Amino acid sequence: MTDTDDAYDEPLFYRVIQYAVNADRDVVDMVSGNPDWEPPAALREGLKTYADGEPRDFQYQASEGLRVLREEIAARRNVDASRLVVTNGAGEANYLAMAEAMERDAGAEFLLTDPVYPYYPGKATMLGGEATRVPVHDDGHVDVAGMRAAASTDTAAIVLNTPNNPTGAVYDVDAVADIADVAAEADALLIVDEVYDHFDFSGRFESALTLDRDHVVVTSSFSKSMAITGFRVGYAVFPEDFVEAARTRHMLVNVTGSRPAQAAVAHALDETPPSYYESVRDTLRERIDAFTTALDAAGADYTTPDGAFYVLARFEDFPGTMDNVERLIDEAGVAGMPGEAFGDAYDDWIRFSLCTDRAAEAADRLADYFEGG
């Protein structure tokens with residue numbers, strides 16, 4: 001269990017992407033989580049229909065989000081629409097939830113997993129809190145006993161992400177329930193980011209909303225599931241006691257969100273068949289298989305994700321530092337994220353995003369590089 005340091009104040013994603021862009025060679029980008037596949041056809045249809053609307057439809061909407069979208073999400077998540085705030089992506093949803101945890105004046109510590117998506121500890125620091133990382137099990141799953149040992153009266157919230165970035169683990173709902181108990185015993189919130197819920201290859205994912213706890217906040221967005229990271233349409237489901245304060249903070253910061261983007265998402269939710277999402281999962285399964293097969297040829301250790309679309313790989317005598325990531329860009333033509341960006345538990349590893357149809361080519365380049373090296 002470790003505390004974060006200033007290295008998390010500015011995540012390394014931008015630095016790696018810029019280094020790859022400026023490289024003097026062709027580079028396969030496996031850094032970002034920007035989907036390269038088509039959004040639902042109904043999403044484009046919704047935008048076109050909206051563009052032909054009346055001028056009044058181009059004006060402010062309710063701060064908490066377009067009513068038709070909130071009601072559609074609420075019906076799908078089996079919650080009351082009054083508990084929903086539509087946000088500028090899951091990023092703002094997580095920020096609102098973490099800010100609520102701090103405002104309760106019940107501690108200033110955030111318990112996070114290690115490894116962890118760097119923006120969580122960054123938000124904790126920005127909000128004036130402290131981030132404590134609790135290592136996951138060797139298989140990437142959350143360590144309930146470790147979280148229980150770390151929790152105290154200083155704990156404001158426990159933050160989980162399932163399916164997980166970067167490990168690909170899908171947390172068992174019983175484990176999430178146990179951690180909800182830990183949070184309750186510490187008078188803390190449990191914040192569960194489920195942004196990758198449509199990318200469950202295991203069939204085991206179950207939302208934390210099914211727990212029906214009064215101190216659990218669930219966040220998500222359509223950025224990944226509809227391949228629209230630029231639209232910035234996310235949401236948070238708050239307990240009734242916290243939703244009003246979250247709405248106020250959202251309104252003061254943003255006034256409201258993008259009405260055209262929310263209208264298009266609402267249309268796509270209503271018109272997109274399940275086959276769209278299954279097709280995307282099939283594509284990702286193929287990429288994962290091709291990528292990990294080539295990693296076998298490179299003699300690498302790697303994770304096979306049960307969810308999300310990232311693979312962690314470890315190469316002999318080649319730890320996941322920023323310097324080594326830059327070497328791979330320069331010498332192999334493949335860009336990944338250094339494991340050290342996510343914490344200490346996987347700092348020997350490098351994370352690769354499967355959001356590219358060049359994943360197999362990238363793996364072949366890695367195999368050639370390490371076999372030749």
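This is a predicted model: local features need pLDDT of at least 70, side-chain atom pairs count only at pLDDT 80 or more; totals for chains, interfaces and linings use all residues.
Let's start with a helix pair. Two packed helices are described by the angle between their axes and the distance between the axes. Take α4, residues 89–103, and α8, residues 240–254. Their axes come within 10 Å and cross at roughly 125°. α4 and α8 are therefore oblique to each other. The crossing is right-handed. Who makes the contact? From α4, E92, Y95, L96, A99, E100 and E103. From α8, F242, A245, A246, R249, H250 and N254. Sort that contact by class and you get 6 nonpolar, 2 polar and 4 charged residues.

Next, the cores. In soluble globular proteins, nonpolar side chains tend to be buried together. Here the largest nonpolar core has 109 residues. Which of its residues touch the most other members? L190, F315 and F352 do. Beyond four places in sequence, L190 is in contact with I158, L160, V176, I179, A180, A183, H215, V216 and V217. There is also a second, separate core, this one of 27 residues. V159, V217, A236 and V243 are among them.

Now a loop residue, T356. You'll find T356 between β14, residues 350–353, and α12, residues 359–372. Is T356 buried or exposed? The relative accessible area of T356 is 9%, and buried means under 20%, so T356 is buried. Leaving out residues up to four places away in sequence, T356 touches V28, D29, M30, D36 and R287.

On to the backbone. Most residues other than glycine have a negative phi, and most peptide bonds are trans. We have exceptions to show. The T162 to P163 peptide bond is cis, with omega near -10°. The bond joining N165 and P166 is cis too, with omega about 20°. Where does P163 sit? In the loop between β6, residues 155–161, and α7, residues 173–185. P166 is also in the loop between β6 and α7.

Then positive phi. N78 has a phi near 60° and is not a glycine. N78 is in the loop between α3, residues 67–77, and β3, residues 84–87. With a relative accessible area of 72%, N78 is exposed. D212 is another non-glycine with positive phi, about 55°. The loop holding D212 runs between β7, residues 189–193, and β8, residues 216–221. D212 has 65% relative accessibility, so D212 counts as exposed.

Definitions and conventions:
Residues are numbered from 1 along each chain as its sequence is written. Side-chain values use heavy atoms; hydrogens and water are left out. Axes are lines fitted to C-alpha atoms, for helices over the stretch in contact, and angles run from 0 to 180 degrees between N-to-C directions. Helices (H or I, at least four residues) and strands (E, at least two) are DSSP runs, numbered from the N terminus. Angles under 35 degrees count as roughly parallel, over 145 as roughly antiparallel, 65 to 115 as roughly perpendicular and the rest as oblique. A crossing is left-handed if the near helix is turned anticlockwise from the far one by less than a right angle, and right-handed if clockwise. Contact means heavy atoms within 4.5 Å. Ala, Val, Leu, Ile, Met, Phe, Trp, Tyr, Cys and Pro count as nonpolar, Asp, Glu, Lys and Arg as charged, and the others, Gly among them, as polar. A nonpolar core is a set of buried Ala, Val, Leu, Ile, Met, Phe, Trp, Tyr and Cys residues joined through side-chain atoms within 4.5 Å. Buried means under 20% relative accessible area, exposed over 50%, partly exposed in between (1.4 Å probe, protein chains only).
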